[in-house]
Amino acid sequence: MEHIENDSQYNGLTVNQGVSQPPSVNPYLRRRRPRPMPTAGELVEGILKGDITMLSRAVTLVESLSSDHHALAQEVIEKCLPHSGNSRRIGITGVPGAGKSTSIDVFGLHVLRQGGKLAVLAIDPSSERTKGSILGDKTRMEKLSLEQNAFIRPSPSAGSLGGVARKTRETIVLCEAAGYDNIFVETVGVGQSETAVHSMVDFFLLIQLAGTGDELQGIKRGIMEMADGIVINKADGDNIPRAELAKAQFTSALHLFPTPESGWTPEVLTYSGYYELGIEMVWNMIDRYFNFVKANGYFEYKRSKQARYWMYETIDSELRANFYRNPEIEAMLADREKQVLDNRLSSFIAARQVLDTYFNRGNNLGK
């Protein structure tokens, strides 16, 4: 490019050509070939050896929507199943902002100091609009994410049961086969996620806050009846009296509920996750619970009950998926929906016609 400033009439003034810009992509960069998918045998062998890479790849297969990945994942789970079941499964829930991730961070460190291994299955809420998730639990569990014996797996909820579905149950099996003897399942704290988590864990911990207004607003019958233990977080500094008041209120509320099937009376404790105060007391409560339910036989009974529950949940899920994936049913649904919206057909008759077609009253579509 010519510059008028370099003309002879402008003595003593010159403009250099400058430096040519290098390419934006490194010319010496070698594109890596995609890693071949391990076989089911290789994945199982790696999982049983505690290989985190193999465990992560297996969990990714479980979460995948691909039918090929689904078949491979089921084969891996089936081979890992005999090596599972040897952990303490703990569900942790609470309203957003209650300090679940911070609490898991310090609870997890306490577990690791006792010589255990910990897997944290953190369910991140997905956007209903974009279906995306931040998956930022590792950033909130700063200390735990650096530990060698801790496996943290954030997963998007994708709107399924508020964040927890059958895939989390299958991931628990893989983590147990990999030698993790403590499993934490964190819920998003909204919707139906608590019910789903309660159906896959041994101990259900509810985290509450004090000093945020009317503490009794946090006492919801459904979630309170599921909780095996309630802890009031942020019991530090000037907030200690409010935390003690909330503890008394929750303790009184628990007396209004019938005795749980386990025979265990839920306890209410206060602690501070940020300042790591009262962590050992919370964990001692969990120890007492496991000793209690193993002594009276409820532990094994609950595990069997949960296995039966998830068998039927899987059947329901597969039937629903098979119904909506059927191309003829999909076309028929669109037609019947239009007739319903045009008031030419009632909702119930339209549903009956579609179901009659699916259940083969002619075409054997359900097979």
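## Lining of the second largest pocket

Helix H7 (193-198), helix H8 (221-226), helix H9 (240-254) and helix H11 (298-325) each contribute at least two residues to the lining of the second largest pocket, and H11 gives the largest share, 5 residues. Helices (H or I, at least four residues) and strands (E, at least two) are DSSP runs numbered from the N terminus. The model is a predicted one, in which local features need pLDDT of at least 70 and side-chain atom pairs count only at pLDDT 80 or more, while totals for chains, interfaces and linings use all residues. Residues are numbered from 1 along each chain as its sequence is written, and side-chain values use heavy atoms, with hydrogens and water left out.

The second largest pocket has 25 lining residues, and His198, Glu225, Met226, Pro260 and Glu261 are those nearest its centre. A pocket here is an open set of points on a 1 Å grid over the protein atoms alone, where a 1.4 Å probe fits and protein lies on both sides within 12 Å along at least five of seven lines; lining residues have an atom within 4 Å of a point. Its space is about 600 Å³, a volume being the space filled by probe spheres set on the points, which are joined across faces, edges and corners. By residue class, the lining comprises 11 nonpolar, 9 polar and 5 charged residues (nonpolar: Ala, Val, Leu, Ile, Met, Phe, Trp, Tyr, Cys and Pro; charged: Asp, Glu, Lys and Arg; polar: the others, Gly among them).

The structure holds 13 salt bridges, each a side-chain nitrogen of Lys or Arg within 4 Å of a carboxyl oxygen of Asp or Glu. One of them joins the side chains of Asp202 and Arg303 at 2.8 Å, N to O. This pair links distant parts of the chain, 101 residues apart, with Asp202 in the loop between H7 and strand E5 (203-209) and Arg303 in helix H11. Both Asp202 and Arg303 are buried (under 20% relative accessible area, with exposed meaning over 50% and partly exposed in between, for a 1.4 Å probe and protein chains only).

## Other salt bridges

Lys49 and Glu45 also meet through their side chains, at 3.2 Å from N to O. Lys49 counts as exposed at 66% relative accessibility, whereas Glu45 is partly exposed at 45%.

In the salt bridge of Asp335 with Arg336, the closest N and O atoms are 2.5 Å apart. Asp335 is partly exposed, with 37% relative accessibility, while Arg336 is buried at 18%.
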